[in-house]
Amino acid sequence: MNKVAIYARLSREDENKIDGNNDSRSIDNQIKFLTEYAIENNFEIQDVYIDDGYTGANLNRPEFQRLINDAKRKRFNILLIKDLSRLGRVMH
């Protein structure tokens with residue numbers, strides 16, 4: 001069975017965006033969507049990591065760092081995220 005981790009992040013900037021897609025603007029919606037996906041695909045959820053209120057430009061987010069450490073320890077072999085912007089953003 002595939003062991004998965006779920007990561008969700010919402011920054012204060014994300015909360016203020018109006019784009020017609022509320023799914024990524026709510027931590028609860030991200031977790032619900034990803035949990036349902038894991039269940040539908042018979043994935044075993046190892047842990048859920050949540051960084052609420054952190055910008056994607058900051059890689060020193062507490063749960064992101066815990067996720068990285070758990071990945072190094074091979075606690076999971078698949079990471080589920082709503083979209084790549086949840087992991088981080090490149091600032092120019």
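The protein has three helices and three strands. This is a predicted model. Read from the N terminus, the order of elements is β-α-α-β-α-β.

**Overall figures**

- The protein has 92 residues, and 33% of them count as buried.
- Taking contacts between residues at least 6 apart in sequence, 69% link residues at least 24 apart.

**The sheet**

- Strands of a sheet pair through backbone hydrogen bonds, in either a parallel or an antiparallel sense.
- Strand E1 covers residues 3–10 and is mostly covered, with seven of its eight residues buried.
- E1 is joined to strand E2, residues 44–52, by eight bridges in the parallel sense.
- E1 and E3 also run parallel, and three bridges join them.

**Residues facing each other across the strands**

- Ala5 stands opposite Asp47 in E2.
- Ala5 also stands opposite Leu79 in E3.
- Tyr7 has Tyr49 of E2 opposite it.
- In a regular strand, side chains alternate between the two faces of the sheet.

**Helices on the sheet**

**Rings and charges**

- Three aromatic pairs turn up when the whole structure is searched.
- A pair of aromatic rings is described by the distance of the centres and the angle of the planes.
- Arg61 places its charged end over the ring of Phe64, 4.5 Å from the ring centre.
- Lys82 does likewise with Phe33: the charged end of Lys82 sits over that ring, 5.3 Å from its centre.

**Gly88**

- Gly88 belongs to the segment that follows strand E3 (78–80).
- Gly88 has a relative accessible area of 27%, and because buried means under 20% and exposed means over 50%, Gly88 counts as partly exposed.
- Apart from neighbours within four places in sequence, Gly88 is in contact with Gly56 and Arg61.
- Arg61 is also the residue whose charged end sits over the ring of Phe64.
- The C-alpha atoms of Gly88 and Thr55 are 7.8 Å apart in space, while the two residues are 33 apart in sequence.

Technical notes. Residues numbered from 1 in each chain as written. Predicted model: local features only at pLDDT ≥ 70, side-chain atom pairs only at ≥ 80, totals over all residues. Heavy atoms only, no water. Helix = DSSP H or I, 4+ residues; strand = E, 2+ residues; numbered from the N terminus. Buried < 20%, exposed > 50% of the residue type's maximum accessible area, 1.4 Å probe, protein only. Contact = heavy atoms within 4.5 Å. Phe/Tyr/Trp six-rings, centres within 6.5 Å; stacked < 30°, edge-to-face > 60°. Lys NZ or Arg CZ within 6 Å of the ring centre and 35° of its normal. Pairing = 2+ DSSP bridges.
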